[in-house]
Amino acid sequence: YFRMYKKLAGMTGTAKTEEDEFRHIYNMDVVMIPTNKPIARLDLDDAIYKNLRGKFNSVLTDIETRHEKGQPILVGTISIETSEFLSTLLKKKGIKHEVLNAKQHDREAEIVAQAGRYQSVTIATNMAGRGTDIVLGGNPEFLAKRDMVKKGYDEHIVNKVSSPIIGDDPIVLEAKPVYDELYAMHKKVTDEEAALVKSVGGLHIIGTERHESRRIDNQLRGRAGRQGDPGSTQFYISFEDDLMRLFVGDRAKAMVETLGFDEEMQLENKLLSKSIENAQKKVEGRNFGIRKHVLQYDDVMNKQREIIYGQRNKVLHGEDLRDNVINMIEKVIDRTIPIYTEGYKYPEEWDLNGLLNHLQPIFLPQGAIEFTDVESLTFESLKSVIFEKAKEIYAFKESEIGLERMREVERAILLRVVDLHWIDHIDAMDDLKQGIGLRAIGQQDPVIAYKMEGFDMFDEMISNIQEETVKALFHATVQTETERKAVAKVTNTSGTGDAEVTKKPVKVDKKVGRNDPCPCGSGKKYKRCHGANLEE
């Protein structure tokens, strides 16, 4: 997706370890820019332990020691479970701390901003508090905002007064002096506290585990020692960590077991440090390989997408598609003729009836072409006869529907056919990608197999689009609504057509029963009097 842009640029503090990926995938170079001030941070060697219990006991001891002298500590964990486990250990020791594990969205920015205060201990996962700068001694801006909210100011007003652009809102203008006063008060306190924090070594970062990517480790390290401030970092590792268990060689593990190290003993060995770095490179290489393969699969779809979207843009921009339609007719003929002629040397052997029957439902009416001199036919003359007849029929269709309306019909039909077939093709390509990896068992490169079969499927889709579009256009009809007009004019009894015809209710006489008295007044039953003739 990003490679579709003509120009690409970005800025991050951890791109150097991913330099190869940027170059191979995006064709971009990574250039390191010097820091604003020299880095005063001290990155200590990794502390390696035999098991998890020994590692966490040492982490707890380090936190206690640094907390007693007032040094602020930020503990980075990979998972929420680890952060909560460490929090439990610190509670047992009575050490006050804050936990950030992406569960406190509202407070996390404020907590991280104050992680540089004297004697503060903060436990955070990788995703918690990203994008917030840790200021030694505390962040006066956050403290001033908190006090403004306590005074009853709305949050959006508080955010506006802390912005360099105030505007002309009277409420904001009224609140601005209050914010400035609070900020100045907290700034004085945080500056004094910052000097105290710097005297005890600045912010200390503890990593409880090495991450799969060196970039994530560098992000954690980079939270300390900003803008030339003092600080220190150290990672604590055990042989039971996932990274060590899966990727560090058996040679290093066997050495630890052979020497019989105690679980509380810190190990320092160049071989171990090298093994950890190699393990991270292995994981990064594997992940890069996975992303590279996904990209190669996407490249196939991107090329096909460009062709399809190019056709759609022609339709949407209202271009004249008549030449495209004529070209489609020719392509349909070119694909159909070899089916009934290939393999036969003489024209008399060609299945001409089969050819005409095949083309009949697409664009050729029955009886439109009759071959009288079959012996003199060639492939080119056969194609020419059919093609000229198709253009003649299409010209008649244009005159019947109208040139302007025919162009609209072409756009509507082509757009509908392309969209329907493209949707089905995307699903088919996804199905192909799901199982294409098994080709590696047969010593075949899955990516190459995907490209070849994907091209065949795309070519078949284009053929189907062309044939279906031609068929729909040759069978297109335009329906017109005709309004029937009254020929006879309704008139009243006087013969003038202007007066309204007055309708009167229809009266229905009561039916006389056979044994009822006759209505004539003779006193006889109806069946013996006037009803006698009716019964006969």
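The legends below accompany an overview and two close-up views of a predicted model.

**Figure 1. Overall make-up of the predicted protein model.** The protein contains 17 helices and 7 strands, and of its 536 residues 38% are buried. Of the contacts between residues at least 6 apart in sequence, 70% join residues at least 24 apart. The accessible surface amounts to about 33,600 Å², and carbon and sulfur atoms account for 51% of that surface.

**Figure 2. Close-up of a negative surface patch that includes Glu 375.** The patch is formed by Glu 348, Glu 349, Asp 373 and Glu 375. Glu 375 is found in the loop that runs between helix H13, residues 352-359, and helix H14, residues 379-401. Because its relative accessibility is 60%, Glu 375 counts as exposed, the cut-off for that class being over 50% relative accessible area.

**Figure 3. Close-up of a nonpolar surface patch that includes Phe 2.** Phe 2, Tyr 5, Leu 8 and Tyr 26 together make this patch, which covers about 380 Å². Phe 2 itself is placed in the segment before helix H1, a helix that spans residues 19-26. With a relative accessible area of 47%, Phe 2 is classed as partly exposed, because that class lies between the limit for buried residues, under 20%, and the limit for exposed residues, over 50%.

Notes:
Residues numbered from 1 in each chain as written. Predicted model: local features only at pLDDT ≥ 70, side-chain atom pairs only at ≥ 80, totals over all residues. Heavy atoms only, no water. Helix = DSSP H or I, 4+ residues; strand = E, 2+ residues; numbered from the N terminus. Buried < 20%, exposed > 50% of the residue type's maximum accessible area, 1.4 Å probe, protein only. Contact = heavy atoms within 4.5 Å. Areas by Shrake-Rupley, 256 points an atom, 1.4 Å probe, with all protein chains shown as cover. Patch = residues over 30% accessible without salt bridge, like charges linked within 9 Å, V, L, I, M, F, W, Y side chains within 5 Å. Salt bridge = Lys/Arg side-chain N within 4 Å of Asp/Glu carboxyl O. Lys, Arg positive; Asp, Glu negative; His and termini not counted. Charge placed at Lys NZ, Arg CZ, Asp CG, Glu CD.
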